[in-house]
Amino acid sequence: MAKAPQEQVVPVPGFADFIAIDGKTIWVTNAGRVERWSTREKLATVALAHPCGAMTILDGSLWVADCKDKTLNRIDIRTAKITATIATGIGNPEGELNVVAGAGSIWVSSDAKGIITRVDPASNRMIATVQVDRDSHYLSFGMGALWAASGTSQTLQKIDPTSNTVVKRTALGRTPGFLVAGEGAVWVQEQGDGTVAKVDPTTGDVVGRVKVDETLKYGDIDAGGGKIWLRTTARQTFVVIDPLTLAIRARVGGASGSGALRYTPTGVWTTAHDQHTLSWWKDPAAIGK
């Protein structure tokens, strides 16, 4: 019998939610701030009005949306200082969105009517906008494309970063949410159906689905190490999915409410904002063997 994964719990006062990996440490959004944490202690704090959504790291900087000021903010990860504030607008002020890096740029949903803004990190300027379906707040970059999911239009859109246009559109199930491009496919939470859809990145076809729970609101998803890692909100903390067989290989931890998840080769990070904790699950290769 496989050994149960070991959880190292770190108390984090406030509302620790979205995660960005910074080597052996992480950045998390919190109430009125972003924070850098190790498995032992808080290392830095940067005040923001309302940091929100999934963040990304590029060119030595943390890029994070602010849902109150409706800006994209650049933070130097060495000095923990804000170095640029860009008035992009924010497509979902409720905070369910992604800031992502790809093709040498930063991308963020900037208008609920259906606009994604592209930012050049060399100049901190907005250099392009992409017209997409309404409420396309959920983004991932991988396999040479930007991918955007719309929760209301129930679509996945493939965006060519050369032309800044949608080149494929895929119909999805109820309330698509967070997604990840990795492990050979695009994986999208169909939150209202409690399923994860596997989409072929070339054809745009849905080639499989995994039924996980009655609902997937409002978890998170990542890919790596030959597995799909799905943060859930009922029954367990996260689920491990085999990307080839689509079998659920493990259900890990207890139900801990909403939160985020990020994979690294040495461990998986999760947050549980209602429990005011982040957790470190080491040896991901052994989880779901």
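Visitor: Which residue of β15 is the bridge partner of Leu 139?
Guide: Ala 148 is the partner of Leu 139. This is a predicted model, in which local features need pLDDT of at least 70 and side-chain atom pairs count only at pLDDT 80 or more, while totals for chains, interfaces and linings use all residues. Residues are numbered from 1 along each chain as its sequence is written, and side-chain values use heavy atoms, with hydrogens and water left out.

Visitor: What makes β14 and β15 a pair?
Guide: Two strands pair if DSSP finds at least two bridges between them. A strand here is a DSSP run of E, at least two residues long, numbered from the N terminus. β14 and β15 (residues 145-150) share 5 bridges in the antiparallel sense, so they count as paired.

Visitor: Which sheet holds these strands, and what is its order?
Guide: β14 and β15 belong to an open sheet of 4 strands, ordered β14-β15-β16-β17, with antiparallel pairing. β14 and β17 are the edge strands, each pairing on one side only. On average, neighbouring strands of this sheet are turned by 25° against each other, direction ignored. The axes behind such angles are lines fitted to C-alpha atoms, and angles between N-to-C directions run from 0 to 180 degrees.

Visitor: Why are β10 and β13 said to stand at the edges?
Guide: They belong to an open antiparallel sheet of 4 strands in the order β10-β11-β12-β13. β10 (99-102) and β13 (125-131) each have a single partner strand, so one side of each lacks a neighbour in the sheet. The twist from one strand to the next averages 30°.

Visitor: How do you know that β10 pairs with β11?
Guide: 4 bridges join β10 to β11 (residues 105-111), and the two run antiparallel. Gly 102 stands opposite Ser 105 of β11.

Visitor: Why is the contact of Asp 22 with Arg 36 called a salt bridge?
Guide: A salt bridge is a side-chain nitrogen of Lys or Arg within 4 Å of a carboxyl oxygen of Asp or Glu. The closest N and O atoms of Asp 22 and Arg 36 are 3.3 Å apart, so the pair qualifies. Asp 22 lies in β2 (residues 19-22) and Arg 36 in β4 (residues 33-37), so the bridge ties together parts that are 14 residues apart in sequence.

Visitor: How many salt bridges does the structure hold?
Guide: There are 11 salt bridges. Asp 193 and Arg 174 meet in one of them, at 2.7 Å from N to O. Asp 193 sits in the loop between β19 (185-190) and β20 (195-199), and Arg 174 in the loop between β17 (165-171) and β18 (176-182), so parts 19 residues apart in sequence are tied together. Asp 193 is partly exposed at 22%, and Arg 174 is partly exposed at 49%. The side chains of Asp 135 and Arg 134 also form a salt bridge, at 3.9 Å from N to O. Asp 135 is buried at 16%, while Arg 134, at 45%, counts as partly exposed. Arg 33, Glu 35 and Lys 42 are linked in a network of salt bridges.

Visitor: What makes a set of points a pocket?
Guide: On a 1 Å grid over the protein atoms alone, a pocket is an open set of points where a 1.4 Å probe fits, with protein on both sides within 12 Å along at least five of seven lines; lining residues have an atom within 4 Å of a point. The largest pocket has a volume of about 410 Å³, a volume being the space filled by probe spheres set on the points, which are joined across faces, edges and corners.

Visitor: Which residues lie nearest the centre of the largest pocket?
Guide: Of its 22 lining residues, Met 55, Thr 56, Val 100, Asp 222 and Arg 262 do. The elements giving two or more residues to this lining are β2, β6 (51-58), β10, β14 (138-142), β18 and β22 (220-224). By class, the lining has 16 nonpolar, 3 polar and 3 charged residues (nonpolar: Ala, Val, Leu, Ile, Met, Phe, Trp, Tyr, Cys and Pro; charged: Asp, Glu, Lys and Arg; polar: the others, Gly among them).

Visitor: What is the volume of the second largest pocket?
Guide: The second largest pocket has a volume of about 290 Å³. Among its 20 lining residues, Phe 15, Asp 17, Phe 18, His 50 and Glu 94 are the closest to its centre. β6 supplies the largest share of the lining, 3 residues. By class, this lining has 7 nonpolar, 10 polar and 3 charged residues.

Key: Buried < 20%, exposed > 50% of the residue type's maximum accessible area, 1.4 Å probe, protein only.
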